[in-house]
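I opened the notebook to look up a few things in this model. The entries follow the order in which I checked them.

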Amino acid sequence: MIEIKHLAKTFSNHEIFSDINLTVNTGEILAIIGPSGSGKSTLLRCLNLLEQPDQGEVTIGDSHFTAPHISKKQAVKIRQESTMVFQQFNLFRQKTAWQNVAENLVTVKKIAKTAAKERALVELDKVGLSEYANFYPGQLSGGQKQRVAIARSLATDSKILLLDEPTSALDSELVGEVLTTLKSVVEEHPDYTVILVSHELEFVKEVATQVIFFEDGQIVESGQPKDVLSHPQETQTQRFLSRFTQQTIAQ
Amino acid sequence: MPKLIDFKMIFTNIPLLLQYLPITLGIVILSMIVGLAFALVIALVRLNKIPVLTQFFTLLVSFVRGTPILVQLYLSYYGVPIALKYWNYYNHTNYNINNIPAFIFVFVAFAVNEAAYNSENIRGALLSVDRGEIEAAQSLGMTGGQILRRITIPEALVVALPTLGNQFISLIKGTSLAFVAGVIEMTAEGQIIAGRSFRYFEVYLSLAIIYWGLTVITEIIIRLVEKRINKFRTVQKVVKLNDALSASSEVTPIKRPVQVLETEIK
Ligand SMILES: Nc1ncnc2c1ncn2[C@@H]1O[C@H](COP(=O)(O)OP(=O)(O)OP(=O)(O)O)[C@@H](O)[C@H]1O
Ligand SMILES: [Mg+2]
């Protein structure tokens, strides 16, 4: 479960958001859509403490924090509650696919290397990459890299998944394989709490239980995917979606 | 005509000089290890802009880079005893300066020198590490120390290694000045032999051959290390073994999906 109360973040005079309130229950998949620069990544990064929030209270899994006074030790613990998949994959380039997946197991969970490798291979198999266990990131396609990153997240056993535009850095022909992988992940783990930033609207409609439209650091509209995406009530949402569909069709 | 050059002596000198190789290597390896650790500390302090220490280290680096190593060796030789006297005075201890082996003066000078020269290189290498990978490591719940050890330093090493290698080689050559602080290493022993036989040219030629050999061996080792840590840059070609087999013969394709061939870029 994720519960966010009065979350605020400002980057040197540039206020990104000042009062975010949001609850995502266990088993829910919240999709966030919204224009570039509206603060979607910043919100996810605050939950993972990759950015230090200025104010607010967050309950994430079994942990709770009140910004801004968070010790390093507490931050490490809070980060272990959730796991993040990045737009740019952020794989460790000097480690092979299986070593990437095993890193958390070996370093954080202190699992013996052989057992960690075994687990890593299982996770790679789930994303369809067991044959690529010994490949380095530089030797993989974008889609494969993102699937390794997903396997790396799954291996942490965190029940909270933060997905920040997992397919937007990919060539269009590679988007499908990653979405298929993500779909099987959420179907296999109905107990996961997921926040997904994505503009793959078809995919969002298929998997999300809740959608919010985010603009200028405000939650403009929220509701069921079919309502928000097909019958948006707010003019800002309507404008964004119509512009967005036009762009997609034009491509 | 008298024998101008004793060719045989050039070679008979070598084993005599090599007896002092352990001293030379001892200075090199110890100064390198301590110097690198110190360099990492300087780099981290300057990257994190820790007040006072940053200014102090900036000054130290500038000073070391701006003065000859020979002068630094003398400073260490005369400075360490003075420091010890102050220590004795303020802590009411009674350490004897004569008990300090000459090796220490040399080691202090070279270690500080290495630290100063490598800290800039290490700082640049640390800065070049991809932010995204560090964030990924953070989000996996790794601590700062774990990230440094497992992600940042290995990544930075790839960038820093060529310069570190050159620095290592100039350290090997630099140890030939250690005699000024009273350490008998290869060059100092060479001077002793030369003083005895008056065959200066031959002795220095023997020394030149030894240092050259050391440098070449070091270069080879560095190249091997470089190759190893750059392994992630190799290109892998996936060949579907089954396709290859069924295309070329009647052998029933076995159930082994891919074979990996490694080739190097360039
Ligand atoms: N570290 C930072 N320092 C200063 N400003 C930042 C920083 N990170 C983000 N910003 C600013 O915060 C705003 C929100 O950025 P954010 O990345 O959260 O947007 P986003 O909704 O994820 O956009 P996109 O769809 O392009 O990914 C942007 O204006 C960005 O320039
Ligand atoms: Mg973003």
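**Entry 1: Trp98(A)**

I began with the contacts of Trp98(A), where contact means heavy atoms within 4.5 Å. Apart from neighbours within four places in sequence, Trp98(A) touches Lys113(A), Lys117(A), Ala120(A), Leu121(A), Leu124(A), Ala133(A) and Asn134(A). I placed Trp98(A) in helix 3 of chain A, residues 97–107. Helices here are DSSP runs of H or I with at least four residues, strands are runs of E with at least two, and both are numbered from the N terminus. Trp98(A) counts as buried because its relative accessibility is 9%. The classes are buried under 20% relative accessible area, exposed over 50% and partly exposed in between, with a 1.4 Å probe and protein chains only. I also took a C-alpha to C-alpha distance: Trp98(A) and Glu188(A) lie 21 Å apart in space and 90 residues apart in sequence.

**Entry 2: conventions**

I noted that this is a predicted model, in which local features need pLDDT of at least 70 and side-chain atom pairs count only at pLDDT 80 or more, while totals for chains, interfaces and linings use all residues. Residues are numbered from 1 along each chain as its sequence is written, chains are lettered from A and ligands numbered from 1 in the order in which they are written, and side-chain values use heavy atoms, with hydrogens and water left out.

**Entry 3: the record for chain A**

I looked up the UniProt entry, which is unreviewed, and found "domain: ABC transporter" given for residues 2–241 of chain A. UniProt positions are in the numbering used here, feature names are shortened, and annotations may be inferred rather than shown by experiment. I found that span to be 39% helix and 26% strand, with 27 Å between its end C-alpha atoms.

**Entry 4: chain B**

I counted 10 helices and two strands in chain B. Their order from the N terminus is α-α-α-α-α-α-α-α-α-β-α-β. Chain B has 266 residues, and 39% of them are buried. The unreviewed UniProt entry lists "transmembrane region" for residues 20–45, 57–80, 100–117 and 204–225 of chain B. I checked two of these spans. Residues 20–45 of chain B are 96% helix and 0% strand, with end C-alpha atoms 37 Å apart. Residues 100–117 of chain B are 89% helix and 0% strand, and their end C-alpha atoms are 26 Å apart.

**Entry 5: where chain B meets chain A**

I found 28 residues of chain B in contact with 29 residues of chain A. The two chains bury about 2,600 Å² between them, 53% of it on carbon and sulfur atoms. Buried area is the accessible area (1.4 Å probe) that two parts lose on being put together, summed over both. On the chain B side, Ser139(B), Leu140(B) and Phe232(B) lose the most area to chain A, together 26% of what that side buries.

I found three salt bridges across this interface, a salt bridge being a side-chain nitrogen of Lys or Arg within 4 Å of a carboxyl oxygen of Asp or Glu. One of them pairs Glu135(B) with Arg45(A), with 2.7 Å between the closest N and O atoms. Helix 6 of chain B gives the largest share of the side that touches chain A, seven residues.

**Entry 6: Ser82(A)**

At 1% relative accessibility, Ser82(A) is classed as buried. Leaving out neighbours within four places in sequence, its contacts are Asn48(A), Ile60(A), Ser158(A), Ile160(A), Leu162(A) and Ser139(B).
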